[in-house]
Amino acid sequence: MQKQSSGAVSEVLIRGSLITLKRKCGKPTCSCADGEPHATPALSYSVKGKTRILTLRSSDVPTIRQALHNYKVAAAELEKKAISGIRRTTVNIMNAKRDA
Ligand SMILES: [Zn+2]
């Protein structure tokens, strides 16, 4: 059974994965010059075989995470239905062959 989260989170689906982009901005006076690079959250996703990156604000991350989860749940559900469709078809074909 699916747990229904009782929240205002809408059923937005997002396919892809959350990544962290690290870069040095190039300013010699910035702390990233010889320290930790800047870390920016981003969504990596592919469309027609091409990987794309959408940079995010930190505040977007929880929403994106939820939408990624929603996608996984929906995809698993769809996969289950597809497999059961194949099973049903297999049974039908086997029965038809047997009765022929
Ligand atoms: Zn910097």
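## Helix and strands

The chain's secondary structure comes to one helix and three strands. Helices (H or I, at least four residues) and strands (E, at least two) are DSSP runs, numbered from the N terminus. Along the sequence, the pattern reads β-β-β-α. This is a predicted model: local features need pLDDT of at least 70, side-chain atom pairs count only at pLDDT 80 or more, and totals for chains, interfaces and linings use all residues. Residues are numbered from 1 along each chain as its sequence is written.

## Overall form

The radius of gyration is 22 Å, well over the 13 Å that the globule rule gives for 100 residues, so the chain is more spread out than a compact globule. That radius is taken over C-alpha atoms, and the globule rule is 2.2 Å times the number of residues to the power 0.38. Along the principal axes, the C-alpha atoms fill a box of roughly 80 × 35 × 20 Å.

Of the 100 residues in the chain, 3% are buried. A residue is buried if 20 or more other C-beta atoms lie within 10 Å of its own, exposed if 12 or fewer, and partly exposed in between; the C-beta atoms are placed from the backbone. Now take the contacts with a separation of 6 or more: 45% of them join residues 24 or more positions apart. Two residues are in contact if their C-beta atoms, placed from the backbone, lie within 7 Å.

## The sheet

The three strands form an open sheet in the order β1-β2-β3, with antiparallel pairing. β1 (17–23) and β3 (50–55) stand at the edges with a single partner strand each, so one side of each has no neighbour in the sheet. Neighbouring strands are turned by 40° against each other on average, direction ignored. Axes here are lines fitted to C-alpha atoms, for helices over the stretch in contact, and angles run from 0 to 180 degrees between N-to-C directions.

Strands pair if DSSP finds at least two bridges between them. Seven bridges join β1 to β2. Six join β2 (residues 38–47) to β3. In general, strands of a sheet pair through backbone hydrogen bonds, either parallel or antiparallel.

## Bridge partners

Follow S44 across the sheet. S17 has S44 as its bridge partner in β2. On the β3 side, the bridge partner of S44 is I53. Another residue, A42, stands opposite T55 in β3.

A39 is found in strand β2, and K22 stands opposite A39. A39 touches T20 and K22, not counting residues up to four places away in sequence. Is A39 buried or exposed? A39 is exposed, because 12 other C-beta atoms lie within 10 Å. P28 is eleven residues from A39 in sequence, and the two are 17 Å apart in space, C-alpha to C-alpha. As for β1, this strand is hardly covered: the count of buried residues among its seven residues is zero.

K48 is in the loop between β2 and β3. These strands form a hairpin with two residues between them. K48 has a positive phi of about 50°, although it is not a glycine. K48 counts as exposed because it has 4 C-beta neighbours inside 10 Å.

How many Å should the 39 residues of α1 span? At 1.5 Å a residue, the span should be 57 Å, and the end C-alpha atoms are 57 Å apart, which agrees. The expected span is 1.5 Å times one less than the number of residues. Of the 39 residues of α1, one is buried, so the helix lies largely in the open.

A67 lies in α1. A67 is buried, because 20 other C-beta atoms lie within 10 Å. What does A67 touch, not counting residues up to four places away in sequence? A67 touches V12, L13 and I14. S17 is 50 residues from A67 in sequence, yet the two are 11 Å apart in space, C-alpha to C-alpha.
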